[in-house]
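Subject: Model handover

Hello,

Please find the model below, followed by notes on what was found in it.

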Amino acid sequence: MASIRCFLRSGKSAVSVVLRREFSKTSPAAVQVNVRDALNQAMDEELERDERVFLLGEEVAQYDGAYKVSRGLWKKYGDKRIIDTPITEMGFAGIAVGAAFVSQLVLTRLNHLLLLCFQAGLRPICEFMTWNFSMQAIDQVINSAAKTYYMSAGAQPVPIVFRGPNGSSAGVAAQHSQCFAAWYGHCPGLKVVSPWNSEDARGLLKAAIRDNNPVVFLENELMYGVPFDLSEEVMHKDFVLPIGKAKVERQGTHITLVSHSRCVGFCLDAAAVLAKEGVECEVVNLRTIRPLDVETIEASVMKTGHLVTVEGGWPQYGVGAEICARIMEGPAFNYLDAPAVRVTGVDIPMPYAKILEDHSVPQIKDIIFTVKKVLNM
């Protein structure tokens with residue numbers, strides 16, 4: 001009413017006041033990006049940023065990738081940088097490692113000494129259609145890629161990323177359903193990354209491509225089509241996440257849930273259910289398997305006094321077993337009010353039948369049951 005009275009009193013001058021008014025400004029809305037597109041964007045931006053980066057693997061070029069993660073890259077960058085390979089993992093993994101060896105001798109000074117050192121050359125991204133097929137190339141990944149920097153006394157870096165879908169999918173049975181986080185996390189010389197959402201996928205893949213060490217990048221097929229909100233900061237071309245740093249996805253005070261990859265989402269869903277019963281779970285997304293961010297886990301356990309680890313892999317010598325051992329050996333052990341407990345895949349080869357498959361991998365109800373057991377509810 002005051003504006004109307006002002007208009008009636010002031011005539012045309014009031015119109016100019018109204019026209020000068022603006023809508024309130026808010027920060028830009030988050031953009032929804034699924035995990036597949038986040039990976040695609042990360043590779044695209046790094047290919048554009050550094051001409052030494054190239055992608056090779058089965059069907060990555062003309063077919064746009066078996067899971068369409070490399071969609072459009074061959075048309076943009078051509079045959080020399082997006083390379084289709086034969087179905088021979090040992091062969092093209094060896095080519096990729098050899099390409100990472102292609103280096104340049106440079107003269108460098110250390111104190112008063114002049115030394116000849118290698119400067120990293122090409123930066124391959126080697127895609128396995130599934131990490132189960134990497135067993136054909138495990139000699140190249142471990143003996144050639146992981147150990148060379150050590151065996152050359154630090155003279156020969158191996159800047160390579162091995163990536164592809166890891167863990168159980170749906171209806172692909174025993175030979176295509178293994179989680180390799182513990183397999184490769186066991187090996188010194190490798191960095192092992194296991195993203196959950198689009199932010200993880202985008203930021204960690206860019207960091208992996210820029211890293212001068214061999215990085216095993218474990219994606220999840222069932223997460224490719226899942227959309228997540230990404231902020232303007234995350235969408236920036238220079239956004240990277242540090243390898244070796246976990247993230248607390250949900251704050252809590254009663255119990256710590258530690259997980260990686262798809263199971264992080266299960267933990268968050270279980271935490272939402274438990275919150276309705278008065279249980280506040282703190283959910284830690286590992287992001288990286290090796291190096292393991294023990295400090296973040298310890299800080300959470302010291303706060304909550306309880307620990308449950310959740311993973312899709314087998315229990316024996318698994319990621320959860322390593323976390324429990326680290327807590328047992330470190331300062332957080334004295335803060336535990338109950339034994340740490342693992343939720344894992346069942347210790348059998350993956351069955352083909354769906355009902356058996358569902359009972360072979362962690363479900364939300366399994367996490368809820370375990371939390372209540374640990375808290376003696």
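The chain has 14 helices and 16 strands, taken as DSSP runs (H or I of at least four residues for helices, E of at least two for strands) and numbered from the N terminus. This is a predicted model, in which local features need pLDDT of at least 70 and side-chain atom pairs count only at pLDDT 80 or more, while totals for chains, interfaces and linings use all residues. Residues are numbered from 1 along each chain as its sequence is written, and side-chain values use heavy atoms, without hydrogens and water.

Of the 377 residues, 49% are buried (under 20% relative accessible area; exposed is over 50%, partly exposed in between; 1.4 Å probe, protein chains only).

Sheet: seven strands form an open, mixed sheet in the order β3-β2-β6-β7-β9-β8-β14 (a pair needs at least two DSSP bridges). Its edges are β3 (82-84) and β14, each pairing on one side only. Within the sheet, β2 (residues 53-57) and β6 (residues 123-127) run parallel over five bridges, with V53 opposite R123. Helix α5 (residues 89-101) packs on this sheet and touches β2, β6 and β7 (161-165) (contact: heavy atoms within 4.5 Å).

Helix α12 (residues 319-329): V319, G320, I323, C324 and I327 are buried. These residues line one face of α12, because they fall within an arc of 135 degrees seen down its axis (directions from the helix axis to the C-beta atoms). Exposed M328 and E329 sit on the face turned away from the buried side.

Regards

Terms used. Axes fitted to C-alpha atoms, helices over the stretch in contact; angles between N-to-C directions.
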